[in-house]
Amino acid sequence: MRLKKEIVAMLLAGGQGTRLHALTKNMAKPAVPFGGKYRIIDFPLSNCVNSGISTVGVLTQFMPLELNSYIGNGSPWDLDRMDGGLSILPPYTGGETGDWYKGTSNAIYQNLKYIEQYDPEYVLILSGDHIYKMNYNDMLEFHKKRGADLTIAHINVTLEEASRFGILNTLNDLSVSEFVEKPAKPISTKASMGIYIFKWSELKKYLSLVEDLENTSYDFGKDMIPMMLNDGKKIFAYPFEGYWKDVGTIESLWQANMDLLHNVDEFNIFDPLWRIYCRHYESMPQYIGADAKLSNSMISEGSIVNGKVVESVISSGVIIEEGAEIYNSVIMKNAFVGKGAKIYNSIVAEEAKIESGAKVGHEKIVSGKDMITVVGNSDIINSNSEVKKQL
């Protein structure tokens with residue numbers, strides 16, 4: 001019998017991430033690099049550790065090799081523990097429930113035995129593809145005080161964005177009166193963050209009920225939450241006011257990286273009281289050449305910069321040769337930028353090579369017209385060629 005836990009976190013990290021195009025061709029979305037030295041999954045994992053949650057199940061499925069290798073035994077996040085700690089939970093065949101994960105609720109349903117061994121009072125459901133800092137303890141206290149069966153973290157979004165999210169309405173006491181998943185005509189601008197705290201007894205019951213539906217999407221937002229509302233369960237909305245970004249598109253991933261440079265007060269990854277932990281690879285010191293020019297950029301260790309870098313995020317192991325110019329871009333690990341190359345408003349993935357004189361990206365981004373340019377993992381842009389589309 002394992003030690004009883006008050007709360008267990010289940011982190012959904014199996015997303016395919018098709019809207020990230022070449023960046024997720026060979027890896028799951030939560031494994032995509034971010035901010036020079038991190039990966040997207042570092043943020044929810046760090047939030048768990050900083051919130052004192054020491055039992056975390058990470059549910060993987062699509063292209064899990066890179067993600068599994070990166071997570072390892074959880075030691076970078078202090079989750080390599082004898083009792084609890086981090087467990088990777090891939091789909092499996094056999095038994096009553098074994099199969100590919102069919103949706104968010106089905107993924108949790110297939111791992112009921114993992115949760116049951118800790119006999120928790122509460123279960124925290126997280127997504128592995130959001131960038132934010134959040135104290136889950138504050139949300140748990142909110143949940144307890146209201147005797148909630150389910151608490152949904154939410155933020156306010158613009159009306160134009162609302163159709164991308166689960167949208168809810170609340171009464172004055174913050175109880176949820178309506179919930180619609182990705183509505184064509186949003187009922188409000190209160191968007192679910194995909195962060196849920198369930199009373200364990202209720203979660204277990206409704207997971208089984210969703211599985212028995214005739215026409216089910218196996219999804220929390222489409223199936224379970226509406227069912228619980230119809231049954232009169234106590235569902236409350238927890239308002240979150242900090243920085244949060246769903247980085248499921250190229251544009252949002254690029255913007256979140258740029259926010260590191262421009263919105264430091266709102267999105268501060270340098271806070272020693274709420275560190276973002278990651279797997280650290282030993283690297284040489286960064287080198288900035290005598291003729292290099294840098295402005296408002298993040299330069300990671302192990303990089304060699306001999307060109308010009310403006311408003312950009314440069315990962316470890318990147319080589320930028322003489323005369324190269326980089327503006328408003330994200331250059332990922334071990335990429336190479338040759339002499340005289342120019343990169344504008346782009347994401348250059350790991351191991352990519354931009355040869356001498358090549359030009360990548362649009363010099364100016366016009367909303368709705370020009371897109372952020374992406375160069376995929378290990379892709380080569382030939383000398384003196386020009387690329388402006390996502391690859």
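Ile319 is part of strand E20, which spans residues 319-320 (strands, E, are DSSP runs of at least two residues and helices, H or I, of at least four, numbered from the N terminus). The model is predicted, so local features need pLDDT of at least 70 and side-chain atom pairs pLDDT 80 or more, while totals for chains, interfaces and linings use all residues. Residues are numbered from 1 along each chain as its sequence is written, and side-chain values use heavy atoms, without hydrogens and water.

**Surface around Ile319**
- Ile319 counts as partly exposed because its relative accessibility is 34% (buried is under 20%, exposed over 50%, partly exposed in between; 1.4 Å probe, protein chains only).
- Together with Tyr287 and Ile304, Ile319 makes a nonpolar surface patch of about 250 Å².

**Domain arrangement**
- The domain assignment, automatic or from a database, gives domain 1 (7-263) and domain 2 (287-387).
- Taken over C-alpha atoms, the centres of domain 1 and domain 2 are 33 Å apart.
- Contact (heavy atoms within 4.5 Å) links 18 residues of domain 1 with 24 residues of domain 2.
- Across the interface of domain 1 and domain 2, the rule finds 1 salt bridge (a side-chain nitrogen of Lys or Arg within 4 Å of a carboxyl oxygen of Asp or Glu).
- A salt bridge joins the side chains of Arg39 and Glu350, at 3.5 Å from N to O.

**Helix H1**
- Of the 9 residues in helix H1 (residues 42-50), 8 are buried, including Phe43, Leu45 and Cys48.

Note on methods
Patch = residues over 30% accessible without salt bridge, like charges linked within 9 Å, V, L, I, M, F, W, Y side chains within 5 Å. Areas by Shrake-Rupley, 256 points an atom, 1.4 Å probe, with all protein chains shown as cover.
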